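Look at the chain below and follow it from one end to the other. The text after it goes from the whole to the parts.

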Amino acid sequence: MTKIEQCGTGAALCQVYDSIFLDLPMSRVKFDAKNEYAYLENFKILSNTFRKHQVDHPIPVQDLIKCKMQDNLQFLQWTKQYWDQYYPGGDYDAVARRRGAGPGATPAMAPAHGGASARTSGMGASRSRPGGGSGAAAPRTTSRQTGGIGGGASSALQQKNAELMETVQGLERERDFYFSKLRDIELIIQQAMEEPAIEEHEDSILKQIQTILYSTEEGFEIPQEAEAGEAAGEEETF
């Protein structure tokens, strides 16, 4: 990495958060990405990790993939704060993780020329923890426990969302059913009012009914099917 803009590919960010959670599918991260489509694939992996561990911070993907310095710098500043708080300490072999090795990889699995990896591991080991502690810190355990709870909460939310969608669909069918009835009544009234021989009393009643039909409340929307049919005929106001 030679400049901040390179973080817009999402690959380096995936590596940083893998050093915290140790469960990103690093073998799928595209470090040689050359276009925004590939960048999006990397950020998809990162977004899934944020959801899994309930990291409550938005990822401005559309801004980051433009590889502009200011946007990426702002997100990196927040990432630095998060890493300082939750990095578990100890060695982290970045090269081995990119090659698909598990969190428990031994130094022998690292490449012989992995000098940069060794320096990264050393930096992680010497990083002091907030509060003066060192080594594996409590936030690490808390993060994994929270992730498990988040899985159950996510399942409950998905079930609730499915129930709400079913309710909305039922309400939409009911709305269209009654609107269709009112539309038929409206057409009959219009036809009756166009008849030349109509009593004044009947005309008054029809106009009252028509007024009720045309009355509405704030937020009311005419179904799209009805709007399409009215577009071919007389323009009406509801």
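The model shown is predicted. The protein has 238 residues, and 30% of them are buried. Its secondary structure consists of nine helices and zero strands. Along the sequence this gives the pattern α-α-α-α-α-α-α-α-α. The accessible surface is about 15,700 Å², and carbon and sulfur atoms account for 54% of that area. Of the contacts between residues at least 6 apart in sequence, 66% join residues at least 24 apart.

Next comes the inside. Which residues of the largest nonpolar core touch the most other members? They are C14, Y17, F43, L46, F50, I59 and F75, out of 27 residues in this core. The helices α1 (11–21), α2 (36–52), α3 (61–64) and α4 (69–86) each supply at least two of the core residues. Setting aside neighbours within four places in sequence, Y17 is in contact with L22, L24, L46, F50, F75, W78, T79 and Y82.

Helix α2 can be looked at by itself. This helix has 17 residues and reaches 24 Å from its first C-alpha to its last, close to the 24 Å expected at 1.5 Å a residue. Which of its residues are buried? In α2 these are A38, Y39, N42, F43, I45, L46, S47, T49 and F50. The cover over the buried residues of α2 includes α1, α3 and α4. After α2 comes Q54, which has a positive phi near 55°.

T9 also belongs in this part of the picture. T9 is located in the segment before α1. Is T9 buried or exposed? Its relative accessible area is 16%, and buried means under 20%, so T9 counts as buried. Apart from residues up to four places away in sequence, T9 touches Y39, N42, F43 and C67. Two of the residues it touches, Y39 and F43, are among the buried residues of α2. N35 and T9 are 26 residues apart in sequence, while their C-alpha atoms are 8.3 Å apart in space. N35 sits in the loop between α1 and α2, and with a relative accessible area of 41% it is partly exposed.

Two other loop residues have a backbone angle worth checking in the model. L22 lies in the loop between α1 and α2. Its phi is near 60°, a positive value in a residue other than glycine. L22 has a relative accessible area of 21% and is partly exposed. C67, which T9 touches, is in the loop between α3 and α4. C67 is not a glycine either, yet it has a positive phi of about 60°. At 22% relative accessibility, C67 is partly exposed.

Charged side chains come next. How many salt bridges are there? The count comes to five. One of them joins D18 and R97, with the closest N and O atoms 2.6 Å apart. D18 is in helix α1 and R97 in helix α5 (residues 94–98), so this pair links distant parts of the chain, 79 residues apart. Both D18 and R97 are buried.

Another salt bridge is formed by D23 and K52, whose closest N and O atoms are 3.1 Å apart. This pair also links distant parts of the chain: D23 is in the loop between α1 and α2, K52 is in helix α2, and 29 residues separate them. D23 is partly exposed at 24% relative accessibility, and K52 is partly exposed at 48%.

E36 and K66 make a salt bridge as well, with 3.6 Å from N to O. E36 lies in helix α2 and K66 in the loop between α3 and α4, so the pair ties together parts that are 30 residues apart in sequence. E36 has a relative accessible area of 34% and is partly exposed; K66 is partly exposed too, at 46%.

L182, I185, I205 and I209 make a nonpolar surface patch of about 300 Å². Helices α7 (138–193) and α8 (200–214) each supply at least two residues of the patch. I185 is part of helix α7, and at 39% relative accessibility I185 counts as partly exposed.

Notes
Residues are numbered from 1 along each chain as its sequence is written. This is a predicted model: local features need pLDDT of at least 70, side-chain atom pairs count only at pLDDT 80 or more; totals for chains, interfaces and linings use all residues. Side-chain values use heavy atoms; hydrogens and water are left out. A nonpolar core is a set of buried Ala, Val, Leu, Ile, Met, Phe, Trp, Tyr and Cys residues joined through side-chain atoms within 4.5 Å. Buried means under 20% relative accessible area, exposed over 50%, partly exposed in between (1.4 Å probe, protein chains only). Helices (H or I, at least four residues) and strands (E, at least two) are DSSP runs, numbered from the N terminus. Contact means heavy atoms within 4.5 Å. Accessible areas come from the Shrake-Rupley method with a 1.4 Å probe; for residues, only the protein chains shown count as cover. Patches are made of residues with over 30% relative accessible area and no salt bridge: like charges are joined within 9 Å, nonpolar side chains (Val, Leu, Ile, Met, Phe, Trp, Tyr) within 5 Å. A salt bridge is a side-chain nitrogen of Lys or Arg within 4 Å of a carboxyl oxygen of Asp or Glu. The expected span of a helix is 1.5 Å times one less than its number of residues.
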